[in-house]
Amino acid sequence: MIKGFSTWGALIVLLGFGLVIGGASQTGVSAALMAGGAGLGLIGGVLVLREATHGQGALARAEALDAAFGRDRRALRIVDAQGRTLAANAEGRRFWGGADPLAVLGARRGEAETEADHEAFERLEAAYRAGLDATQEVALTGASGTARDWVRVEIRALDRPKGARLLAAADVSARRAVENVLKGEREYLGDFLDFLPVGVYALDSEQCFRYVNRTFADWLGQAPDKLLGQPLAAVLADGSTRPEIDGAWRGLVRLRGPRGGGFTALLTHTLYEDNGETLTRAALVRDVDADGGEGSVAGGSALTRRVFDESPVGIAVVDVGGLPYPMLAEANDTLAGMLGRQRDDLIGLSLEEIVDPAMRAEVAQVFRRAAAGVPVAPLEVRLDNARDVTAMLHIRPLPADDADDGETPPRQIIHVIDTTDRRALQMQTAQAQKMQAMGQLAGGVAHDFNNLLTAMIGFCDLLLQRHGPGSASFTDIMQIKQNANRAANLVRQLLAFSRRQPLLPRFVRVPDALAELSHLLRRLLGETIALELIHGRDVGYVRVDPGQFDQVIINLAVNARDAMVGGGTLAIRTGAINLPEPLKVGTETVAPGHYVTIEVADTGTGIAKEDLARIFEPFFTTKAGTAAAGTGLGLSTVYGIVRQTEGTVTVESRPGNGATFTIYLPRFDDAQVRARAGAPAHGLADPPEPRGKALPPAEGKVVLIVEDEDAVRVFGSRALKAKGYSVLEASDGERAIALLADHPEVDVLVSDMVMPGMDGATLARLVRQTYPSIRVVLMSGYSEEIASDDLADSPDILFLAKPFSLDALGAKVAEALDRRDS
C-alpha cells in the first residue's frame, strides 16, 4: 500500500499516461496528492480521482490503485520537490533506486556509450531542474555487459503536491528492433525503386508529382526533389500524346530531356484510391519501337541494341526536328569515350556541342543539307574534348518505322570514326617524306657544290704556291679561299641534314665528351646563362663522330642561348633508357631498344605549336630580323647528324616554358665496345693516329687519279705532281682499268665515288681483287657511298671528303702509302 497520505487527504493517481489496460503497457503514469473535494476531473491532461470521504471506502480505493501501480511494467517512481520517494513500484526501485533523481540521472549518464546518449541524459537533467516534462530514448549497456538495451525515460511534472515529479523508464528494445527492420526494408525498397532501369512516378489528384524515382529524374536531367509538385504536363514535349487521366492507360509519350533534348518512352499508368483521393501510379520504359516493345534506338531487336552498344565506332542518333541545332537522342559508349564524357551526359546535347567551336558553322551547314535530303560526303572534324581527337562523320537519314504515327521527329544516324591515329601517321609520313625530299635536294646540290668548291680551293692553293704573302695577289687569293671555305661549311651542314656527311664514328662516353666540351659551352653561353651538367649512372657508350657530336651539342646550346635573351639556365642531362615499345613524341617515333639519352633543356621563350613541325627543316628560322638571325641550318644539322648516327631527336615545348630537345642514340656496353672496336673500353675506344709521324717519300711513287669532273681531276693531278708523285689520269672507271693493265706499277688509286658508267665503289672492288698491293683512296661528299661493310671496314681503302685542300690530298695519299708499306 502507498504510504504517506493523510486521513483526510485524497489519493490522486494519473492514469491517462498508461496504466496496464488489457495487458498493454502505456506511455506514462503520474500521481499526486490533492486536498479536499470529490469527483472526477482532468487537470492538464491528468486524470484525477478525488475521494472526500474517510474510512473503508477510501482505503479500498487506495489499495486498488496501489495494486495497479505495482503491476505496471515500467520502472515508476514519484518524488516530492526535495527528491524524496513518495511512491515506487518494484521496477522503479530497481532502476531509479532511492537516491536523489539528479544523482541517478548522472550515474546513468555515465553508462551511456555514445555522445548522443550522453547528451540525452543531460537534457533530462535540465528538464528535471526546470520542472519541465521531457522524454528521451537512450541505449544502455545490458546486464550481459555486451548487448545494448533501449530505454524510454520520461519526466513529468505533477500539479500536487507542489514540485512533485513522476519518473518513468520503459524497455523499448523490441520496438526499436522492429522499427530498424522496417526502416531497412523501406530503404531497400526505396533503393530498389530508385535504381530500377525504368522510370517510376506517382501523381496526386491534380496530376502533379508526389514521387519520382531517380532513373526518371535522371532522364529528365533534374533532381528528384525538384520535380515534386510539378505537373506532368511540364515534362511532356511539345506535340507529345497526352495520357488519359480517367482510367488505366498505356501508350507512347515524348518527354523533355536535359538541355532541350527529347526522347520517346512507353508509359503505363493505373489509378488507385488513398484516403478518398484518386492517385496515379505510373511506370515508363525508355527507347521503344512503335509497337510499344522494348528495343533499340531505331526500334530494332535486342541484338540490334547490342550491336549499337558494342560497335567499335561511335554511333549517334540525332533529332533533326530542332534544326538548325539537331539534338542527340542516343549515343553509344564508343562515342562517349571519344568525347571523354559519360554516355548519359550526351543525350540532349546539341550536335554542335560535341564539335570543335571553330568547325561548328561548317558542321551545321552539312547537317542542313543532309536534312534536306541531299547526300553529303563524309566530313572530317575535330571533336570538342581535351585530347584533340579528329573523327570522320558519316551522316545518313534514319528511315522511319512503318508503324510510326508521325509524332516522332525525323532522325539521322551518324557513324563517328576516330581518325586521330591515322591522321597522326599521315602527318608523320608526310613529314618524313618532306624531310627525305629536302634531304635529297640538299644532298644533290651539296654534291655539285663540293666538286666546284674542291676546284676553287685547290686552285687557290696552287696559286698561293706562286704568290706568297709578299705578292700583291696574295690577299685576293686568300679572300677567295676563305669564302670558298665558308661555302664549304654551308655545304657540310646541308650534307649533315641530308645524312650524307662523311663521318668517322668512334665509341664515346657521353659524360666524358660533355665534360671536355663544357668549357667551350660556357664561353658560348656567356655570363647570364648558367650551365648544368647532370649525368645518370652507367650511361654506357655511343658510336658517333666526336667532331659531329660536339657540333650537335653546340648547335643546341647556341639555339637555347638565343631563346634566353635575359639569361636563364641550360641543363644537359644524360641517362640510359630501355624502350620495350615504340615511343611517340610529337611527329617522331623512337624504335624499341637500348638508348643513351641526352636531354638539352632551356628556360627560354619556348617554341610555338605551329613551328614545332617545321623546326628541323633547313633554312627555317624563327629568328629572322633579329640579332640572332642565322642560316636556319643549325637544328637541321642536328637532325641530320643524329639520324645518320642511327639516333632520333625529339622536341617538346610550350611558349613561355622553354624547350627540351632529347637525343636518343643506340647504347653500347663495355663488352660490345671491346668486341666491335678491339680496343679498351674507356674514353675514345678508337684511338686517333699519333701525330708527327714521318710520311713516306713521294719520289718514285705512281698515283692513278680517276675523276669525271675535269677541274677536280686537273687540280688533283697538279697537286700530286707538285708533291713529287708520278700521276696518271682517267675520267671514268673503264679507262682506269685499261691504264692499270698497262701500268701495273701504280701504288695508289685515287677515285671519285660518283662517275658515269663504272662507279668508284665497283672500281675499288675490282682493283682489290686484281691488284691487291694497290691502296685505294675514295673521294666524295657522300658518306653513304662507302657505307657497305666491305669498303668501309677495309684497311686498304681510305676516304677523302670533298671539298679538300692540296695539303689534305697529299696527306691522304701519303697515309695510303704508309699503310701499304707497313
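What follows is a tour of the sheet, its helices and core, and then a few spots elsewhere.

Modeller: Happy to. Keep in mind that this is a predicted model. For scale, the chain has 23 helices and 33 strands, and buried residues make up 45% of its 822 residues. Among contacts with a separation of 6 or more, 56% are between residues 24 or more positions apart.

Now the sheet. It is open, with five strands in the order β21-β23-β26-β28-β27, and the pairing is mixed. At the edges sit β21 (529-535) and β27 (648-653), each of which pairs on one side only. From one strand to the next, the twist averages 20 degrees.

Helix α14 (residues 510-525) lies across β21, β23 (568-579) and β26, and runs at about 175 degrees to β21. Helix α17 (residues 634-644) also packs on the sheet, where it touches β27 and β28, and its direction makes about 140 degrees with that of β27.

Stay with α17 for a moment and follow the chain into β27. The loop between α17 and β27 holds E646. This residue has a positive phi of about 65 degrees although it is not a glycine. With a relative accessible area of 64%, E646 is exposed. T648, in strand β27, is another matter: its relative accessibility is 7%, so it counts as buried, the cut-off being under 20%. Leaving out residues up to four places away in sequence, T648 touches E588, T589, V590, V642, R643, T662, I663 and Y664.

What about the nonpolar packing? As a rule, nonpolar side chains in soluble globular proteins tend to be buried together. The largest nonpolar core here has 39 residues, and L570 and I598 are the ones that touch the most other members. Helix α15 (residues 546-563) gives the most to this core, with seven residues. Select I598 and look around: leaving aside neighbours within four places in sequence, it is in contact with V510, F549, I553, I572, R573, F661, T662, I663 and L665. T662 and I663 are on that list, and both also turn up among the contacts of T648. Apart from this core lies another, of 29 residues, with A316, L335, M359 and I395 among them.

T419 is in the loop between β19 (411-418) and α12 (420-466). At 2% relative accessibility, T419 counts as buried. Its side chain is joined to that of E380 by a polar contact of 3.2 Å. Not counting residues up to four places away in sequence, T419 touches E380, T390, A391 and M392.

Next, helix α21 (residues 760-770), where G760, A761, L763, A764 and V767 are buried. Seen down the axis of α21, these buried residues fall within an arc of 160 degrees, so they line one face of the helix. On the other side of α21, Q769 and T770 are exposed. The N-terminal end of α21 is capped by D759, which has a side-chain oxygen 3.4 Å from the backbone nitrogen of A761.

Last, two backbone details to check in your viewer. Q207 has a positive phi of about 60 degrees although it is not a glycine, and its place is the loop between β10 (199-203) and β11 (209-212). Q207 is buried, with a relative accessible area of 16%, whereas E646 is exposed. The other detail is the peptide bond from K802 to P803, which is cis, with omega near -10 degrees. P803 is found in the loop between β33 (797-801) and α23 (806-821).

How values were computed:
Residues are numbered from 1 along each chain as its sequence is written. This is a predicted model: local features need pLDDT of at least 70, side-chain atom pairs count only at pLDDT 80 or more; totals for chains, interfaces and linings use all residues. Side-chain values use heavy atoms; hydrogens and water are left out. Buried means under 20% relative accessible area, exposed over 50%, partly exposed in between (1.4 Å probe, protein chains only). Helices (H or I, at least four residues) and strands (E, at least two) are DSSP runs, numbered from the N terminus. The arc is that of the directions from the helix axis to the C-beta atoms. A polar contact is a pair of N or O atoms within 3.5 Å; within protein, one must be able to donate a hydrogen and the other to accept it, and residues adjacent in sequence count only if both atoms are side-chain atoms. A nonpolar core is a set of buried Ala, Val, Leu, Ile, Met, Phe, Trp, Tyr and Cys residues joined through side-chain atoms within 4.5 Å. Contact means heavy atoms within 4.5 Å. Two strands pair if DSSP finds at least two bridges between them. Axes are lines fitted to C-alpha atoms, for helices over the stretch in contact, and angles run from 0 to 180 degrees between N-to-C directions.
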